[in-house]
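Biologist: I'm new to this one. Can you bring it up and walk me through it?

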Amino acid sequence: MSNPSNAKSKRKRKSATSKSSNNMWSSSSKKKRGSSTTSSSGLNTDNAEKLFQEIADEDDDQVAGMEGISQLCEKLDIDPLEDLRVLVLLWKMGANEKPAQISKQEWMQGCAKLNVDSIAKFQNILPSLDTGFLDQTEFKDFYKFCFQFNRQGTHRTLDKELVVALIKMVLKERIPKDRLDSFCDFVESQESYTRITLDQWTSFLDFCYECEDLSSYDESTSAWPVLIDEYVEFMEERAKNKK
Amino acid sequence: MPRNKALKGGSNSLRKVKIKPFNKPPTLPPNFYEQTSSELLQGTLNVLERGRAQDQPKDQSSNLSLQNSYNAVVNLVTHQFGPRLYQDLRDAMQKAARQVLPDDAKNEATILEFVQTQYQLFVDYLLLCKHVFLPLDRTHLWQEDGQMVVKRTMATSHTHYTLWEVGLCQFRDRLTELKLDDRVYEDWFQMLEADWAGHYAQRSLLQATWHMWQDLHLLPLIMTRLQPDLEVFLQRESQQAMEGSGGYAAASFVAYVYEKWMHMSYQWTFLPKTWLCTLLEVHLLLPHLHADWLLASQNFYPLLEQELLHQPGGPTSPHKSSTPAAAASTGSSYNQSAMVKLWMLAGRLPNGYKQVATCIAEYARTKGVALVQQSQPSTATPQKKSASNANHHTMIADLLELQQQLSRLVQKLPRGTDHIALKPVWEEIVNLPNTTPTIAESLAKFVDQILKNNKKMDQYALQQSSSSASPTMGLASANNSSSDLLSRIISGIFVHLQAKDIFEAFYKRDLAKRLLWNRVVSMDVEKQFVSLLKAECGAGYTSKMEGMFQDVDWSREAMSRYKQTLPMGGGGGAGITTGGVEMEAQVLTTGYWPVYPQYPHLILPQSLKEPQERFTNHYKTKYQGRRMTWQYALGHCIVRANGLGKNKNKVYELVMSLCQALVLIQFQSTDQKLDLPYLKNAIGLDERDEVERILQSLALGKDGTRVLRKLDYDAEPNKKKKVRSQVDDRDKFTVNMNFDSNQRRIRITNIMWKETKEERVKTVEAVSRDRLYMIDASLVRIMKARKTILHQQLIPQVLEQVKVPAQPNDVKKRIESLIEREYMERDAKDRNRYNYLA
């Protein structure tokens, strides 16, 4: 039961992600390309490739894993564990193929897109990588990317503890603090949940955007995942207890 | 005359003939009017006299025949005396009214009768007047306001009166003048009350007076007085009825109301029915109906049960008691007839049937829910397990009983089946959420009980059939009633059950136990029940059960064939005996039967191993390619034991499970006290819990089944202390040498045979796992067909497709799971929409 579906889904995901990446960049890359030609500085692909070689895995020079990405961060002088900009960078470069790594092809395309070929240039664009610059749809996509990128190998869900840490980091400046904290409290307190699915992950952000007032939440008609239902219940319970 | 003139003219030709009019026009005699009219009026008035003294011969003073009188009126009217005549006639009528109601009429004792006879007299008079003065009536009308008589034209308004009306006015005015009308009304109402109370009353008089009021146009006036009076009266009466009738207040009140209703509507025909209807509805029925119905029915059912228990199987239909006396003597049938009466009564009210039907449904609901809730283990008073178990069984029986009663009642009520739909109520009761154990489970247990126990079956069947001694049920022979009970279980409870899968799981497990441990009382009844299930749910539902029956049948045949292949003679005579052990095997098809624990490392003694191997070989050679495993958990054996107890020669036959026997055998060769870990190793059973359970069943069962003695390791020799029920590894066991029992064959119940908690949980889990697959399948089916669908549409569709009870939340979880497995996705734009991913 699980095997064929796994295989099927893998295939599907691949096609879906590649499609989405195409879509994602097809419109913006044109603009970028236009701007890069006007700047006429040109992109030194050799430099970019060199950069990649420096961070590529020892066993496989076509991909750069977490280690390599950490190295890159060191060079850029940012903290890979705390700084969200790493993720934004990776997202912008389109590291979609597999979680926790970026392939050479993705790297090269990303460099072309962002018009970077050296550490200095990377550092130049760093300020623009703040999540505050992302609009809602962009952020949604980035948010989804965060989940996907943090998956472990073939796992399709994230560990609860990782989710709490990650979500606190990613959503820190996007949603009200009490909502974020209470949700983390809730997730931690629920023993029936040990892992969080992508659906639950993305739904939470949508939920935060769409449902600011919990009192108007209607469990019977909404299509929210049960996790959200239970979160609302949890909050109601909490409100009651406070009274 | 002209002819004469003409003749004269013939001789005298040019003479003109002149016809002269009378030089003096013909006149009526001067006193023509006075004479005629006085004669007429007197003549008509004489009728009154005649009426008053009926026996007297006809008065000679009136010489006029009716024909002459009529002609006289015609003449008078032609001569323009109409208005005058009308005036005089009116005066005459007034006079007549005075005559029939003289001033001293007040002193009459029976005013009602008096007024009535006088009124009849007056009406006779008036009738005559009407006939005689018909020409006058046809041409003239009395105008009230102007005291004028006008010509009758097409345009007559209501202020114009005919002769008849004018006459009645005179009578009415006279009544008011003498202030008689109040008295008449009061007397009339008294009489009405008397009639209600059943005293003698001249109903014709009541009626006649009513009609008189009607004729006199007094009715609206009377009605305004009657209504409040009647309301007060009815309320008082109903109050009395409630208070006076003691225990069966409500029921008898219903009967009372019904009787009164019949009384009013059939006997006081003069009272307008619709009006009565409203009156009754407003003041008698509606305020009481709901509460009383519940009361009535609550009184009714215990009584009915009582009565039916006292005459078990009585074919006499107590509900047909027609005479009130008989009805009163047997309280319940009285109540039922009251019920029927109430029903009929309700039929007359707008929405009445519906209301009563709601009441019945409500009653069924409250009662049924109460039954179910009673069976729930209450947290406040922790009951013994056995007690709550018993509750579950009686709960089903009670439900069936209740159902019986109600359906019988509904059939009893005319057109009851059209109006009363109890199905939704049963569905609600049977599917009450959050019951532990669920009703499906209780039902399965109940069925298990009655199928296992002939007595119980008969008891319930009898109870049911006796209470169902209605003509439609007919014969109450034992066989019929038992099958009747089964079919009622199916049609009464099972069909309403949503959680048929739970029932199936539990029933199947119990069925397996019955079949394997020879607890089947009647194979026919078992098969009948399964066929009933099949008829209800289709072949798929019962295929495994049927497979179980096949296995058992086949095993029996196979075993007898196997026995024939064995060498005759041997150890103990006929059959297969090796070392004194006779073995029977049943071959069970995997898949049909529940999964039982496997004890792969069980160590069998040589005496058992031999026949086992022989059978294995036999089977494997005969059916090559089949895989066979031994289900040791299901094995049971008879162990002969002697030398126990006082009577050393007595041989006991102990019926026990294989594992129990294995434990027991360990004690055969040694006099030592053994402990649990040793025994566990000796018999090769891996689960410690299981060994503990076996030891408990052997050492701590009922009196007379304790073959072993348990010695607590920490027991102090001097103090008598109850032996602990838990088994510690350090506890020792020894053969109970004081074993004593009256019986020869003793069944040692294995605790495992009984329902263990884990087993229950496992069954429930298995069922809910199956349900998840069902929901998944249904979701995918719908998604595949629709490709894209809104959440709000999807959920109901799934719930409809999935027959078992499922909450929207369950479905949601499955949706999420499918999303995760990428069978579907949320629409990127519309969160409430799902897309199918193929």
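Biologist: How are α8(A) and α9(A) oriented to each other?
Modeller: Roughly antiparallel. That label covers angles over 145 degrees; under 35 is roughly parallel, 65 to 115 roughly perpendicular, and the rest oblique. Before we go on: this is a predicted model, where local features need pLDDT of at least 70, side-chain atom pairs count only at pLDDT 80 or more, and totals for chains, interfaces and linings use all residues. Residues are numbered from 1 along each chain as its sequence is written, chains are lettered from A and ligands numbered from 1 in the order written, and side-chain values use heavy atoms, leaving out hydrogens and water.

Biologist: At what angle do the axes of α8 and α9 of chain A cross?
Modeller: Roughly 175°, and the axes come within 10 Å. Axes are lines fitted to C-alpha atoms, for helices over the stretch in contact, and angles run from 0 to 180 degrees between N-to-C directions. Helix α8 is residues 160-170 and helix α9 is 177-189. Helices (H or I, at least four residues) and strands (E, at least two) are DSSP runs, numbered from the N terminus.

Biologist: Which residues of α8(A) meet α9(A)?
Modeller: Lys160(A), Val164(A), Ile167(A) and Lys168(A). Their partners in α9(A) include Leu180(A), Phe183(A) and Val187(A). Contact means heavy atoms within 4.5 Å. The contact has six nonpolar, no polar and four charged residues. Ala, Val, Leu, Ile, Met, Phe, Trp, Tyr, Cys and Pro count as nonpolar, Asp, Glu, Lys and Arg as charged, and the others, Gly among them, as polar.

Biologist: Over to chain B. How do α3(B) and α5(B) lie to each other?
Modeller: They are oblique. The axes of α3 (66-78) and α5 (111-132) cross at roughly 60° and come within 9 Å. Tyr70(B) and Val73(B) are among the contact residues of α3(B), and His131(B) is one of those in α5(B). By class, this contact has five nonpolar, two polar and no charged residues.

Biologist: Now sheets. What is the strand order in the open sheet with mixed pairing?
Modeller: β4-β5-β9, in chain B. Strands pair if DSSP finds at least two bridges between them. β4 (636-642) and β9 (745-747) are the edge strands. Seven bridges join β4(B) to β5 (651-657), and these two run antiparallel. Ile638(B) stands opposite Val655(B).

Biologist: And which strands form the antiparallel sheet?
Modeller: β6-β8-β7 in chain B, also an open sheet. β6 (674-675) and β7 (708-711) each have a single partner strand, so one side of each lacks a neighbour in the sheet. Four bridges join β7(B) to β8 (732-735). Leu711(B) stands opposite Lys732(B).
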